[in-house]
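Good morning, colleagues. I would like to take you through one model this morning, element by element, and I ask you to keep the display in view.

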Amino acid sequence: MDESIYLDEARDPLIIAEGWMKDGKDVAIATVVETWGSAPRPVGSHLVIDAEGNFHGSVSGGCVEGAVVTEAIDVIGSGKARMLEFGVADETAWQVGLSCGGRIKVYVERLG
Amino acid sequence: MDPYVLKTLNEERRARRAAVLVTDLGDGRDRVVREGDHVAGDLGAAIARAFRTGNSASVEAEGRTFFLNAHLPRPRLVVIGAVHISQALAPMARIAGYPVEIIDPRTAFATPERFPDVALHAEWPQDVLQREPLDSYTALAAVTHDPKIDDLALKAALDARCFYVGALGSRKTHAKRVERLLALGASADQIARIHAPIGLDIGAASPAEIAVAVLAQTIHAFRSRGLESKGAAA
């Protein structure tokens, strides 16, 4: 149980994204905006990604982070936000899926 | 996301102030809404709900789809008094999601043996609260029965607009306390926010039952916060 009443600055994705921005890095922010069924991370969870593919945070507890990072690097390049949807692996067009059987929608946008 | 929006949002989060990040999923435009900011219509109602529940969600409003990401500070409970009630209240409140800190300058009461795994300060409340100020996402329960220990902490809780302020003691005890708080400069409106006698009326008799009553009242105060002030303003 996380009991700190203050932000964990070393691990908080949005704090890290701000730090990267100050360091002059290009950054994308991915956010879980909808979940159906059993989803590993709640709505509002973040994964932040830089142009080199470094990332912090989580949108699925590890199931789809790889795919989100790949998309995020494209989004950093194009500046155009994308909505990604992940479900059970064999029911979607995506190469990856959620083994828990849930579905999630992830919004990926560039910072700035 | 707009860099200035991210910076603003993080400032609010660092300061333990609630904020909702509103993102238009159609065009990507975003903004930070603070608690108490006026937003009209269906979107405003959804934002108010996000502040109250702390739940993030996608909503349809004005023919557009918005994502509301609710960033609420973690609520906490400060207990003045390392007494029997606090021994029961600390673990129960922690399980319910309200981390507890206990303050009591009486070193015979505030011992780690009596309070394992609890943030415990064997100091005067005013000293601890100077280091770790109270805020509107903090609840304060004063349960020592000793005005020397309770009163200044209660005044500080009222000034910091703690979402819950409770004080142990009978109506007669509280009437005397009201006089003392007025003398300390608290207003009658502020003092009216104090829950005394403390706890929901569930007929609690034992210290552990009183702890349940205090915790239930704290949760009720947290989940109905904002509604009360709107009622008062009308």
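Predicted model: local features only at pLDDT ≥ 70, side-chain atom pairs only at ≥ 80, totals over all residues.

Residues are numbered from 1 along each chain as its sequence is written, and chains are lettered from A and ligands numbered from 1 in the order in which they are written.

Chain A, then. It has two helices and five strands, where helices (H or I, at least four residues) and strands (E, at least two) are DSSP runs numbered from the N terminus. Read from the N terminus, the elements of chain A follow the order α-β-β-β-α-β-β. Of its 112 residues, 40% count as buried; a residue is buried if 20 or more other C-beta atoms lie within 10 Å of its own, exposed if 12 or fewer, and partly exposed in between, with C-beta atoms placed from the backbone. Two residues are in contact if those C-beta atoms lie within 7 Å. Among contacts in chain A between residues at least 6 apart in sequence, 51% join residues at least 24 apart.

An unreviewed UniProt entry lists residues 20-87 of chain A as "domain: XdhC- CoxI". UniProt positions are given here in the numbering of the model, feature names are shortened, and annotations may be inferred rather than shown by experiment. That span is 25% helix and 34% strand, and its end C-alpha atoms lie 31 Å apart.

Next, the contact between the chains. Chain B supplies 20 residues and chain A supplies 19 residues. On the chain B side, the elements giving two or more residues are helix H1 (3-14), E3 and strand E4 (64-71). H1(B) gives the most, with seven residues. By class, that side of chain B has nine nonpolar, five polar and six charged residues. Here Ala, Val, Leu, Ile, Met, Phe, Trp, Tyr, Cys and Pro count as nonpolar, Asp, Glu, Lys and Arg as charged, and the others, Gly among them, as polar.

Chain B itself is divided into domain 1 (3-71) and domain 2 (76-227), with bounds from an automatic or database domain assignment. The centres of the two domains, taken over C-alpha atoms, are separated by 32 Å.

Four strands of chain B form an open sheet in the order E2-E1-E4-E3, two strands being paired if DSSP finds at least two bridges between them. Strand E2 (30-34) and E3 stand at the edges, each with a single partner strand, so one side of each has no neighbour in the sheet. Neighbouring strands are turned by 30° against each other on average, direction ignored. Strand E1 (residues 19-24) pairs with E2(B) over five bridges, and Ala19(B) stands opposite Arg34(B). H1(B) packs on this sheet, touching E1, E2 and E4 of chain B, and its direction makes about 25° with that of E2(B). Such axes are lines fitted to C-alpha atoms, for helices over the stretch in contact, and angles run from 0 to 180 degrees between N-to-C directions.

Leaving aside neighbours within four places in sequence, Val59(B) is in contact with Ala46(B), Phe66(B) and Leu68(B).

The other sheet is open and has five strands in the order E7-E6-E5-E8-E9 of chain B, with parallel pairing. Strand E7 (119-121) and strand E9 (164-167) stand at its edges, each with a single partner strand. The twist averages 15° from one strand to the next. Helix H8 (residues 207-223) packs on the sheet, touching strand E5 (76-80), E8 and E9 of chain B; its direction makes about 155° with that of E9(B).

How many residues of E5(B) are buried? Five of its five. Arg76(B), Val78(B) and Ile80(B) are buried on one side, and Leu77(B) and Val79(B) on the other. In a regular strand the side chains alternate between the two faces of the sheet. Five bridges join E5(B) to E8(B), with Leu77(B) partnered by Ala139(B). Four bridges join E5(B) to strand E6 (residues 100-103), where Ile80(B) stands opposite Ile103(B).
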